[in-house]
Amino acid sequence: MAAVGRLAGGTLKRPRWRTGLLLALPAIAIFALLFVAPLFTLVANSFRTQAGAFTFSNYARFLGDPFYRDVLWNTLKVAALTTIGCLLVGYPFALYMRGRSARARNWLALLLLSPLLISMVIRAYGWLVVLGPNGPIAAVLTWLGLTPPQLLYNDTAVLIGMVHVMLAYMVLPLMGSLDRIDPTLVPAAKGLGAPGWTCFWRITLPLSAPGMLAGAMIVFSLTASSFVTPAILGGPKVKLMPYFVYTQATTTLDWPYAAAIGFVLVVVTTGLLLGYSRLLRRGRGEVVFG
């Protein structure tokens with residue numbers, strides 16, 4: 001029986017799962033060091049007072065204060081609206097890229113990814129100039145005889161900046177799903193008499209649903225935890241959870257309460273993403289919307 005488990009050279013054949021585990025060990029170690037360990041530290045600190053005693057008061061303070069509940073709701077609302085905005089802008093862009101030549105797709109991909117090559121602070125200050133009272137949008141509206149609206153330090157400015165930052169994270173998963181669709185399906189449906197809109201609604205959209213859901217998960221989670229862009233474009237008027245984590249940790253030096261706010265955001269975001277994951281598993285690339 002021992003000879004069965006040996007190769008022709010006389011060495012024992014290593015199980016495939018062990019080889020895979022050895023290859024994954026560096027990534028597992030980095031993940032545990034940079035994510036799991038800080039998360040456990042965050043959870044432990046959230047159940048302590050500033051003196052180090054165990055307490056539930058941090059969570060009672062957060063959940064019992066309607067102000068912080070409104071901040072949580074506003075954070076989720078901004079993340080959801082950013083996700084919808086990225087989907088509305090990114091889906092037509094992904095469809096357009098799908099039908100282009102390889103050279104054109106490379107240039108479009110460079111255009112899509114170019115904002116990620118610039119510092120997030122520089123991008124936010126760029127929008128600060130564009131949306132400002134002396135910016136080009138205000139100048140055009142004034143030239144047309146219209147009164148420029150207030151575009152800075154509100155949810156609108158944050159949404160514009162976040163859609164610009166997160167668009168690539170929506171388009172790339174969409175491109176993966178669209179490229180996996182059999183290119184003969186739509187021509188075959190049109191040959192059977194289906195109009196273009198029916199082909200899109202019954203073929204392209206359902207088969208691209210996994211990419212849409214994957215992009216939505218990425219954009220939603222990154223937006224909910226984003227700090228720099230909302231802080232610059234929204235200012236103190238736009239109250240989001242990451243901003244209050246920052247102020248509690250650096251201004252009031254209440255690290256336990258900052259940890260509790262951060263952990264509440266992690267739990268709520270993770271719960272919503274698990275719902276997305278269940279919907280994604282339910283679709284499995286098939287019809288999700290019907």
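Biologist: Is Arg-105 buried, exposed or in between?
Modeller: Arg-105 is partly exposed, with a relative accessible area of 23% (buried is under 20%, exposed over 50%, partly exposed in between, using a 1.4 Å probe and protein chains only). This is a predicted model: local features need pLDDT of at least 70, side-chain atom pairs count only at pLDDT 80 or more, and totals for chains, interfaces and linings use all residues. Residues are numbered from 1 along each chain as its sequence is written, and side-chain values use heavy atoms, leaving out hydrogens and water.

Biologist: What does Arg-105 form with Asp-179?
Modeller: A salt bridge, with the closest N and O atoms 3.0 Å apart (the rule is a Lys or Arg side-chain nitrogen within 4 Å of an Asp or Glu carboxyl oxygen). Asp-179 sits in helix H7 and Arg-105 in helix H4, so the pair ties together parts 74 residues apart in sequence (helices are DSSP runs of H or I, at least four residues, numbered from the N terminus). Asp-179 is partly exposed too, at 41%.

Biologist: How many salt bridges does the structure hold?
Modeller: Three. One of them joins Arg-61 and Asp-254, with N and O 3.2 Å apart at the closest. Arg-61 is in helix H2 and Asp-254 in the loop between H12 and H13, so this pair links parts 193 residues apart in sequence.

Biologist: Is Asp-254 buried or exposed?
Modeller: Buried, at 12%, while Arg-61 is partly exposed at 39%.

Biologist: And which residue does Lys-77 pair with?
Modeller: Asp-155, at 3.6 Å from N to O. Lys-77 belongs to helix H3 and Asp-155 to helix H7, so parts 78 residues apart in sequence get tied together. Lys-77 is partly exposed at 31%, and Asp-155 is partly exposed at 25%.

Definitions and conventions
Helix = DSSP H or I, 4+ residues; strand = E, 2+ residues; numbered from the N terminus.
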